[in-house]
Amino acid sequence: THHPRPTVVLVYQRISLPWVFESAERAGIDLVLIPRPDEAVSEDRLPPAVVDVLRLDIEADRAAALNVLRRRYEQNTFQGIVTLYDPAVPFVAEAAELLGLPGIGRDVALGAQDKRVMRARLAAAGLNVPGFVRLDDPADWEKAASLAFPVVVKPAHGFSSLGVTKAESPHSLKSVVDQVWQTCASKLGQVDGLVVEEYLDGPEFAVESLAHGGDVRMLTIGYKGDPQGPHFEEGVYRAPAALSETVQDDICREVKAAHRALGITDGPTHTELRLRGGVTPYLLEIGARIGGSGVSQYIASGVTGIDFAAQALRIAAGIATEPLGSGTLPAPVAAAANYIVPCNGSGRIIAIHGLDELRADPRVDHVVQMLFPGDIVRPYPDFTGYPAFVLSRHANIAEAEEFHQFLDQAIRIDYGHEEQA
Ligand code: ADP
Ligand code: CA
Ligand code: CA
Ligand code: CA
């Protein structure tokens, strides 16, 4: 009999971030790409593994989008549907449920995407959770005034740290809540609630894992800096983090317990946490997807030699066999890092110095540039995006750190005077 190649629908992946496409190609999986509505995708220059493009706005009309997918499934079947874009996780879970494809289901996706639900479920399971209050209306801000300050105010459905803001004292709470609510309305388009939670003091880490049939395998723990706020722009990611065995074990235990508490039994996850007081892991959030639009694939595969995204796609297509890795962290084969070029200012970009030279640096695998001369950078909280990612590999994390210190000096953005936007 004829076995067609498995096909997976990939929702809202930017084609400028290539890793998941390359993994699909290596895994022999065809992709049907649903591009981001704001990204121009030319049919004659498609990324690897993409066999078809389906244009669909899942945010404008959810029911219509589900209908289009159902018709496509009936006419030209596919075996799975995935996304790396956090706001699309509930839609993808719903579509998979509707079509009987592998997935975590709508309710579990809600717990992994809505920070109010996530905090409540983690607390109910007895995990380490900071004091928190959900606000469904900014007028209720006083409910959060009795928390231990400083606190962090964040959108229930946020991503990329958009709007996330620290309030140092109860005096500034009302204005911070109002401002974050405004940012949600203007930047996220969806404004239905906030979480206010105690500020977790300590360095930040990210964990990449894969769940399959309820079995959770850790791949890497990486260092994410120690941002102090008041805003929390993404910065560095370097793995494997230099941590004691004891702290690594504590992190793995907490992360596995979070998968159980939220019911995440299948697929890739990206967990962010802080070590409160330098030792105790407290989750910031867990995403039921590959992190960083695929940056997590670059990091996890660079550190372990395991093709994380390929396995994630096999799980989505229902063709994964062996569980990946073991109960403990696999021994690292190298260090991998991402450096997000900081805006360091605002206005119209005149020049970005130091990026072109990096493309020839043997440590650098990718320079992904997102902002160019002529683009306008607005100051926080009216944020416009990150200038560039620099992805690199090193013998160990100390060399990655040294390289990032070099990048702090080597990359510079010049801004022109700009009329206030
Ligand atoms: P998003 O979904 O927008 O990424 P996060 O919950 O991950 O939202 O918050 C973004 C960043 O804000 C985190 O990476 C962290 O640096 C900071 N942050 C969020 N909550 C807290 C907290 N309770 N304590 C300390 N820092 C926090
Ligand atoms: Ca998030
Ligand atoms: Ca986050
Ligand atoms: Ca972050």
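Visitor: Which residues come nearest to ligand 1?

Guide: Out of 19 residues around ligand 1, the nearest are V152, G158, S161, L200 and F232. Keep in mind that this is a predicted model.

Visitor: What makes those residues count as being around the ligand?

Guide: The test is that the C-beta atom, placed from the backbone, lies within 6 Å of the molecule. Strand 6, strand 12 and strand 13 each supply at least two residues of that shell. Sorted by class, the shell has ten nonpolar, three polar and six charged residues.

Visitor: How do you know where ligand 1 lies relative to domain 2 and domain 3?

Guide: Domain 2 (131–198) and domain 3 (204–416) both give residues to the shell, so the ligand lies between them.

Visitor: Why is S161 called partly exposed?

Guide: Count the other C-beta atoms within 10 Å: S161 has 16. Buried needs 20 or more and exposed needs 12 or fewer, so with 16 S161 is partly exposed. S161 sits in the loop between strand 6 and strand 7. Its phi is near 65 degrees, a positive value in a residue other than glycine.

Visitor: And why is N344 called exposed?

Guide: N344 has 12 other C-beta atoms within 10 Å, and the cut-off for exposed is 12 or fewer, so N344 is exposed. N344 also has a positive phi, near 45 degrees, and is not a glycine. Look for N344 in the loop between strand 14 (335–340) and strand 15 (347–353).

Visitor: What makes strand 12 largely enclosed?

Guide: Eight of the ten residues of strand 12 (residues 267–276) are buried, so the rest of the structure largely encloses it.

Visitor: How do you know that strand 12 pairs with strand 9 and strand 13?

Guide: At least two bridges are needed for a pair. Strand 9 (residues 204–212) and strand 12 are joined by eight bridges, and strand 12 and strand 13 (residues 280–287) by seven, so both pairs pass. The two strands run antiparallel in the pairing with strand 9, and likewise in the pairing with strand 13. For particular residues, F205 has L273 in strand 12 as its bridge partner, while H270 is bridged to G287 in strand 13. Strand 12 and strand 13 also form a hairpin with three residues between them, and G277 in the turn has a positive phi of about 65 degrees.

Visitor: What makes strand 5 and strand 7 edge strands?

Guide: Start with the sheet: it is open, has four strands in the order 5-8-6-7, and its pairing is antiparallel. Strand 5 (132–135) and strand 7 (165–167) each pair on one side only, and that puts them at the edges. From one strand to the next, the twist averages 25 degrees.

Visitor: How do you know that strand 6 and strand 7 pair?

Guide: They share three bridges in the antiparallel sense, and at least two are required, so they pair. V151 stands opposite A167 in strand 7. Helix 5 packs on this sheet, touching strand 5, strand 6 and strand 8 (194–198), and its direction makes about 45 degrees with that of strand 8.

Visitor: What makes helix 9 largely enclosed?

Guide: Ten of the ten residues of helix 9 (residues 308–317) are buried, so the rest of the structure largely encloses it. Among the buried residues are Q311 and R314. After helix 9 comes G318, with a positive phi near 75 degrees.

Visitor: Which peptide bond involving P150 is cis?

Guide: The bond joining F149 and P150 is cis, with omega about 0 degrees. P150 is in the loop between strand 5 and strand 6. The bond from G229 to P230 is cis too, with omega near 10 degrees.

How values were computed. Residues are numbered from 1 along each chain as its sequence is written. Chains are lettered from A and ligands numbered from 1 in the order in which they are written. This is a predicted model: local features need pLDDT of at least 70, side-chain atom pairs count only at pLDDT 80 or more; totals for chains, interfaces and linings use all residues. Axes are lines fitted to C-alpha atoms, for helices over the stretch in contact, and angles run from 0 to 180 degrees between N-to-C directions. Two residues are in contact if their C-beta atoms, placed from the backbone, lie within 7 Å. Ala, Val, Leu, Ile, Met, Phe, Trp, Tyr, Cys and Pro count as nonpolar, Asp, Glu, Lys and Arg as charged, and the others, Gly among them, as polar. Domain bounds come from an automatic or database domain assignment.
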